[in-house]
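Here is a short report on one protein model. It starts from a single residue and then widens to the chain.

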Amino acid sequence: MQSNLCRCTGKASSSLILKRLKPSIATSTTILGQDNLNGFVSSCCAHNYDNSVAMIRTPVVKRNFSNTATPLLASYMTPPTWNKALGNAAPSSRHFSSSSKNNKDEDKNKKNNDEVESISQTTKNKLQKRIKGISMNPKGLSHMILPGYVIEKTNKKTSETSLVNVDRALGFFWMMKDLNESNNKPIVTNSTLIPADEAQIFPSLNGCTTLSDEVVDLPNFLIRNNRSKDANAQCTLVTISYKDFGHKLLPSWTEPFKSTFSSSRYEVVHISVVEGFFFRLLKRPITSSQKQGTPSDQWDRTLTYFDENVEELADFRDALRMHNTLTGYVFLLDGLGRVRFVGSGKAAEEDVEKLLEFAKELTPEPKKRLGGGGGSSSSGGGRVGRKIHRN
């Protein structure tokens, strides 16, 4: 037989190869069958596998079809053909790849690893901004979420970890599953007050609009009445909702709070977050609808935020661990604007008891002063926002 084969393109060339290799592959034909062997050679011709055919010539001439020939044939036969011929034997992992392709794959993997490392470092930095003392429900899914709306997953085959988008990793409807497994409480109600030395200031969110058409910034708006900067001068119950379902759960917290505390030292502020570009276009009708459903005496303490700054809103949402936007959240702040108590979902009877107990603990009765010194807090707080004019 000739030592070199010409380039094969077509049925005629395939027949020529079989004719020239017929003495060498008699045993192979007996084992594999003529149809499988013809398909194999045709596949080589269609892909211009000149060297492949030449490489299998030498090992195939052995009459006992030794193990040396098996991997070479396996690397070019499709899995169904190979399983049919050799009784479901696993094909060899030997491949004839070019060094340039391997180099490209190595460079790509190295680049991906570098990106993961940089993301992980960024994630670690953002973890420091999360409010301390918030207890996530271990039965739900929200506790797994990292800053950037991702979770860490481990590849079972390679044991490598990577950060994957939450919707991709848990499914688009993961929030409903989270509420179902956590009994509508992604955040567990605090059993004790968050210690003052560990408590952190409520995160910032600029550009909120009250129903009185004032633009205010958080957290300055929440402590606007505490001129004395006294931690015990006042406490504020902040409620946050993203969807109507969560908004309807909040009265279970706010109504008992309002009925128990009538003093100006206690205040309820509601923040409604509206996400999406389409809803920003409907900003005016949405605000008008909110005014119709809210008593006029609460307009100054009812805020709406349309996600003008997506990155700032994402950081705000992560800092307060509000990963699930279907439910509602409550935060009890002291006079300095520090988060001292957190709850979510519909308040149970024991949740309300804790809320009222902690509110009283944060606002002890002030000591009487001789000489009639100035009060500590809330009267005449003044306007802290800027009035906006609607045409």
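Where does L193 lie? This is a predicted model. In it, L193 sits in the loop between β4 (187–188) and β5 (205–210).

Is L193 buried or exposed? Its relative accessibility is 14%. Buried means under 20%, so L193 counts as buried.

Which residues does L193 contact, leaving aside its neighbours within four places in sequence? They are R340, F341, F358, E361 and L362. A further pair spans the sequence: L193 and A359 are 166 residues apart along the chain. Their C-alpha atoms are 9.6 Å apart in space.

Now the whole chain. The protein chain has 15 helices and twelve strands. Of its 391 residues, 42% are buried. Take the contacts between residues at least 6 apart in sequence: 71% of them join residues at least 24 apart. The accessible surface is about 22,300 Å². Carbon and sulfur atoms account for 50% of that surface.

Confidence comes next. The chain averages a pLDDT of 76. A score of at least 70 is reached by 63% of the residues.

| Stretch | pLDDT | Contacts beyond four places in sequence |
|---|---|---|
| Residues 43–98 | under 50 | 70 contacts |
| Residues 108–118 | under 50 | one contact |

How should such parts be treated? Where pLDDT is low, the predicted coordinates should not be read in detail. The 70 contacts listed for residues 43–98 belong to a stretch with pLDDT under 50.

Conventions
Residues are numbered from 1 along each chain as its sequence is written. This is a predicted model: local features need pLDDT of at least 70, side-chain atom pairs count only at pLDDT 80 or more; totals for chains, interfaces and linings use all residues. Side-chain values use heavy atoms; hydrogens and water are left out. Helices (H or I, at least four residues) and strands (E, at least two) are DSSP runs, numbered from the N terminus. Buried means under 20% relative accessible area, exposed over 50%, partly exposed in between (1.4 Å probe, protein chains only). Contact means heavy atoms within 4.5 Å. Accessible areas come from the Shrake-Rupley method with a 1.4 Å probe; for residues, only the protein chains shown count as cover. pLDDT is the predictor's confidence in each residue, from 0 to 100.
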